[in-house]
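The sequence and the structure come first, and the description follows.

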Amino acid sequence: MRIQPRRQILNIWSSLLAACYRDDKWQWGGRDGSNSISDAEQLLCLLYPATEIPSFALDDPDTIPDDIAEVLRPLGRMRQVGIKLVDILDDYLDRYTKADGRPDFSAGSYLRSTAPGGPTDEQRELDVVDSYSMSLTLCLAALKYLRALRFWASSRPTQNERNKLDNRISDVEDRIKVRLTAAMIGLVRSFVVQSVDPDSETGRAMLTMFNQTGAEPDAVLAGVAQRLERVRVRLRRDVTLNATPDADLEDEGLLFECGWSWGIVTDAAGLEEEFGAAPIATDEGYAAPRPYLYFTVTALDGINDLTSARTRELDLLDPQQRRLAEALQLRGDLAQRYWSAMARYGGGRWPLEDIPWRTSDGEESDYFSLCVSAVLIQDLINREASDDDLTRATLIFDELARRGRIIRRLTEEDYARELHIPGVRLSLVGSGTAELGDDMVLNWRVSDYAPVLLKRTLQAAQLSGTLTTRDRLLELAQATMDHLELRAFTRGPARGLWDDADRVFTVVRPGQVEPQTSNGTQQPSWYLTERIVECLVAADSSFRQPPLRSATSAVRSLELLNEAEHLLNQRFLSLSEEDNTPNRTALENVEKQLQRARKLIDERPGTAHSLCAEALRSLDELDFASLDAMRSE
């Protein structure tokens, strides 16, 4: 089945409302309970397509297409949908605003612990980069929606109605902006640069990963220092807001890495001088001052939404937020450059091609290779990608799909199952302290292997300028979407949502009954469902791009066009001005076809080729008819 973003998003919306909207009230929570991240993901399943895809816009009830109106019918009449979404946003803000008015970014039920009683109440209140990034995306989507809804409200027939709607929108908009500012500050204070002694265990792990040719460690160290010189200089010179205090970027004999930790890092500088009493500007940090690949990718996704052209065009940010956005864009750019450079370091095989990727703490996983691939593709989007880079990235994605059992059969006791169920375990170093009520370090599970692969494959396909590479990427994307479709619930309250992974990742022997639900629950995972919605939005963007232009096809189309135009001119020579026979009508139709072909020959040479071929066929039929008429005489 082809990826069909419109149909699939509408199906998700229908399932979403069936699961979440009952008795005229939005029902929060899913498989993993209710927390600031899961509830934001749940709301983004509806709001993200509505603000990223023009045809899904919900701000003007008078222009909502019939198929979308039918899906949204549970929310009421179309003129009620706009304000219903405002009410849902307001409810979310109420749930995740503390008594003192500060935004709440706690991870809550997403946190895991091996302690008998689970995480302590203090640990559940910890902020996590996932919440900052997801709030960034949610707040930006909400501001885009509210901006458009305000325009619709201004056209209401009575002044009283206009004022009522405007006041309601303004109240929610102000609260959204407070949360957005806090999320941006949280991301700034979670960025970290870690200096590493090459003789330490961490340094040796990094050098082993980068050294794909068996070179001497000193040569690799010197090569890495040269490759990262510009990144090092900019980190030292430009990253002044909340610079990592212990990072030594002056000594070129040290390795370093940069990115995002799991939360505000220990000893992170306060930003009260720059942002006064802004929320979380002075909150204490607990995260270890080292980057995590997963949280780096998560932060970059939010920053890309923040720095997108549409965000700038709509002028959604105030002066304080623009300064934070510039700081985050700088950090995002440097993190992308760092990991992209390290992924492709050396003159032979890339470190990224040595799957699985080994992190600086010695852990290795196919998922980490996928994370580095995600950063690489995002870096190639922001810069001009070469055909060689994309060809090699295609082979990596294909290998990761095989190793993740996306396009290969699962075997008994297959290690790949853990990539999806229960997911890769990340230790949140720093989360276990006496101050937080327990010295047991918390865990974080990431199980979005397939959606990450799909999203990055679609982005790579959109980047590719080579027909064979793009075709291979789109074929892989389709296979990944087919895999994910099999993981959607087919029955129960979560029907049409995700993730019923046991149906795919359980080996069923002959005579056994296939498992019906994942982990015995039919509650939707908003964590996975929202990421699939992101993939469908990326697919919509990719499909809206013009098709690739084949140089060979363009040359052949031009040859056919020249031949057809020459033959047409010859036919016109035999017609007198007074000739109004069907022949003239036929030739004029051919002329219109060729004019259309000439307009399309640069952008759509295949279509131009088809038009020219049809014109040549018509001209040949006219020639044959003329010869036949001459024989009859």
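## Helix 4 and its surroundings

In this predicted model, the buried residues of helix 4 pack against strand 1 (21–22), strand 2 (25–26), helix 2 (36–52), helix 3 (66–71), helix 6 and helix 7 (159–190). The buried residues in question are Met 78, Val 81, Gly 82, Lys 84, Leu 85, Val 86, Ile 88, Leu 89, Asp 90, Tyr 92 and Leu 93.

## The nonpolar cores

The largest nonpolar core has 179 residues, and within it Trp 13 and Trp 444 are the ones with the most contacts. Helix 6, which runs over residues 129–153, gives the most to this core, with 15 residues. Another core, of 17 residues, lies apart from the largest one and has Leu 587, Leu 600, Cys 612 and Leu 622 among its members.

Which residues does Trp 13 contact, leaving aside its neighbours within four places in sequence? The partners of Trp 13 are Cys 45, Leu 46, Pro 49, Ala 50, Phe 56, Leu 58, Ile 68, Val 71 and Leu 72.

## Ile 406 in its loop

Ile 406 is found in the loop that lies between helix 16 (387–403) and helix 17 (417–420). With a relative accessibility of 8%, Ile 406 counts as buried, because the cut-off for that class is under 20%.

Not counting residues up to four places away in sequence, Ile 406 touches Ala 401, His 420, Tyr 449, Ala 450, Leu 453, Ala 479, Thr 480 and His 483. Ile 406 and Met 481 are 75 residues apart in sequence, while their C-alpha atoms are 9.4 Å apart in space.

## The largest pocket

The largest pocket holds about 1100 Å³ of space. Its lining is made up of 34 residues, of which Asn 304, Asp 305, Ser 308, Gln 378 and Gln 459 are the closest to the centre of the pocket. By class, this lining has nine nonpolar, 13 polar and twelve charged residues.

Several helices each supply at least two residues of the lining of the largest pocket, namely helix 2, helix 6, helix 12 (293–306), helix 13 (309–314), helix 14 (319–343), helix 15 (366–382), helix 18 (449–463) and helix 20 (526–543).

## The enclosed cavities

The count of cavities of 30 Å³ or more comes to five, and the largest cavity holds about 260 Å³ of space. Of the 21 residues that line the largest cavity, Thr 298, Asp 301, Asp 448, Arg 531 and Glu 534 lie nearest its centre. Helix 6, helix 12, helix 15, helix 18 and helix 20 are the elements that give two or more residues to this lining, and helix 12 provides the largest share, six residues. The lining of the largest cavity divides into nine nonpolar, four polar and eight charged residues.

The second largest cavity holds about 170 Å³ of space, and among its 15 lining residues Arg 290, Tyr 292, Thr 359, Asp 361 and Phe 368 lie nearest the centre. Helix 12 and strand 7 (424–428) are the elements that give two or more residues to the lining of the second largest cavity, with strand 7 giving the most, three residues. By class, the lining of the second largest cavity has seven nonpolar, three polar and five charged residues.

Conventions
Residues are numbered from 1 along each chain as its sequence is written. This is a predicted model: local features need pLDDT of at least 70, side-chain atom pairs count only at pLDDT 80 or more; totals for chains, interfaces and linings use all residues. Side-chain values use heavy atoms; hydrogens and water are left out. A nonpolar core is a set of buried Ala, Val, Leu, Ile, Met, Phe, Trp, Tyr and Cys residues joined through side-chain atoms within 4.5 Å. Buried means under 20% relative accessible area, exposed over 50%, partly exposed in between (1.4 Å probe, protein chains only). Helices (H or I, at least four residues) and strands (E, at least two) are DSSP runs, numbered from the N terminus. Contact means heavy atoms within 4.5 Å. On a 1 Å grid over the protein atoms alone, a cavity is a set of points where a 1.4 Å probe fits but cannot get out, and a pocket is an open set with protein on both sides within 12 Å along at least five of seven lines; lining residues have an atom within 4 Å of a point. Grid points are joined across faces, edges and corners, and a volume is the space filled by probe spheres set on the points. Ala, Val, Leu, Ile, Met, Phe, Trp, Tyr, Cys and Pro count as nonpolar, Asp, Glu, Lys and Arg as charged, and the others, Gly among them, as polar.
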